[in-house]
Amino acid sequence: MKVPFLDVAAINGLQRSELDAAYHRVASLGQFILGKEVSAFESEFAHYCGVQHAVGVGNGLDALHLILRAYGIGVGDEVIAPSNTFIATWLAITYAGATVVSVEPRIDSHNIDVSLIEAAITPRTRAIIPVHLYGQPAEMAEVLRIAKRHGLKVIEDAAQAHGARYDGRRAGSLGDAAAFSFYPGKNLGALGDGGAVVTDDPILAQRVRELANYGSSVKYHHDAQGFNTRLDELQAAFLRVKLGTLDEMNARRVQQATQYRELLKDAPLGLPALTDSAESSWHLFVVRVAHRERVMAYLAERDIATQIHYPIAPAQSGAYRGVVQGPSAIAERLSHEVLSLPIGPHLVPEQIDYVAATLREALQGASAP
């Protein structure tokens, strides 16, 4: 049985006629930048997230970067971020001119260890960026308590958490602002790059909108040194189609994750930890295994595709080696143990059964990491 890790074409094929109609709608109007589709998507996505404002931008990295810029966070400031994340989280801080201060994750959830945050705060700290890694919300209640005590902004990196919930509220509505990515492989994926900033703060939303459009709110009037990073009409039209079925597609992921957890509950590996407060969107299903390369090869020989998210911790990358404050030993350990199994609406229960059974075969005689 063949099990692809991700099949974007198959996922998009589930809504092929609606996506085709969206393309023709935009093409026939001839307006491709800052038109009705972007405005409509922004309104619909804000409503979905449970916030007042959404601003479409070019990608998730730009969304994070623009939030920091809009808050005036830059040179001389520090921003706390997890040591275990995709490098874009750190790049956004660097682009703004601020300094990354990394905090280690919990080994079981892979998310930031909230018990370590307060020790990383200094007089220069301006914000905390909790990452909802793999779609699993960070422990936001404690993050928000710490931020309130110290007068810090909380900026959610929700790039992988479309539709996830914490204490019944959507990811994106939990902090002061949030950044989303609509990269094609995401739960809510465009057919190209895209991103959004969501917030209840009208001043922040307007500032982000101006910065994303050359620092301008009125054509040819540039009140700030801005950027060119806008969600285009075509991607907004595609995203409107896919937003309508996001909860349905996420429900399939939840069923698959539940199936994996039941089938692998006594296997010698590390399963992702869950909390009562969090409802993951299961963008990824990531386990920890010993002898990862051997396990991956065994699965590949049996037509099961897997991936590693992420094989290099940001602190060990060429971009940041030796220049970031804070430890990264746990993030480095995770980078050697994590293995992402296939999950998504392109799969059926029989494929999940096959992956779990084959993985158990590969792990025979192994000990848990």
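These legends accompany close-up views of a predicted model.

**View 1. Helix 2 packs against helix 8.**
Two packed helices are described by the angle between their axes and the distance between the axes. Helix 2 covers residues 16–29, and helix 8 covers residues 233–243. Their axes come within 9 Å. They cross at roughly 150°. Angles over 145 degrees count as roughly antiparallel, so helix 2 and helix 8 are roughly antiparallel to each other. Their crossing is right-handed. Helix 2 brings E18, L19, A22, Y23, R25 and V26 to the contact. Helix 8 answers with E233, L234, A237, F238, R240, V241 and K242. Sorted by class, the contact has eight nonpolar and five charged residues. It has no polar ones.

**View 2. Helix 4 packs against helix 7.**
Here, residues 60–70 form helix 4 and residues 202–212 form helix 7. The axes lie 9 Å apart. The angle between them is about 115°. Helix 4 passes helix 7 in a right-handed crossing. Look for L66, I67, R69 and A70 on helix 4. They meet L204, R207, V208, L211 and A212 on helix 7. Seven residues of this contact are nonpolar and two are charged. None is polar.

**View 3. The largest pocket holds about 610 Å³ of space.**
How many residues line the largest pocket? The lining has 32 residues. Nearest the centre lie F86, Q160, Y183, K186 and Y310. Helix 4, helix 5 (88–95) and strand 8 (177–181) each give at least two residues to the lining. The lining has 17 nonpolar residues, eleven polar and four charged.

**View 4. The second largest pocket has a volume of about 390 Å³.**
This pocket is lined by 21 residues. The closest to its centre are L34, N213, S216, S217 and R230. Two or more lining residues come from each of helix 3 (36–49), strand 1 (53–57), helix 7 and strand 10 (216–218). Which element supplies the largest share of the lining of the second largest pocket? Helix 7 does, with four residues. By class, the lining of the second largest pocket has eight nonpolar, eight polar and five charged residues.

**View 5. The largest cavity has a volume of about 140 Å³.**
A search of the whole structure finds four cavities of 30 Å³ or more. The largest cavity is lined by 14 residues. I11, K186, N187, K242 and M249 are the closest to its centre. K186 also lies among the residues nearest the centre of the largest pocket. K242 also belongs to the contact between helix 2 and helix 8. Helix 1 (8–13) and helix 9 (246–263) each supply at least two lining residues. Seven residues of the lining of the largest cavity are nonpolar, four are polar and three are charged.

**View 6. The second largest cavity has a volume of about 70 Å³.**
Its lining can be picked out residue by residue. S109, Y134 and Q136 are among the lining residues. Which classes make up the lining of the second largest cavity? Eight residues are nonpolar and three are polar.

Terms used:
Residues numbered from 1 in each chain as written. Predicted model: local features only at pLDDT ≥ 70, side-chain atom pairs only at ≥ 80, totals over all residues. Heavy atoms only, no water. Axes fitted to C-alpha atoms, helices over the stretch in contact; angles between N-to-C directions. Parallel < 35°, antiparallel > 145°, perpendicular 65-115°, else oblique. Left-handed = near helix turned anticlockwise from the far one by under 90°. Contact = heavy atoms within 4.5 Å. Nonpolar A, V, L, I, M, F, W, Y, C, P; charged D, E, K, R; others polar. 1 Å grid on protein atoms, 1.4 Å probe; cavity = no way out; pocket = protein on both sides within 12 Å on 5 of 7 lines; lining within 4 Å. Points joined across faces, edges and corners; volume = space filled by probe spheres on them.
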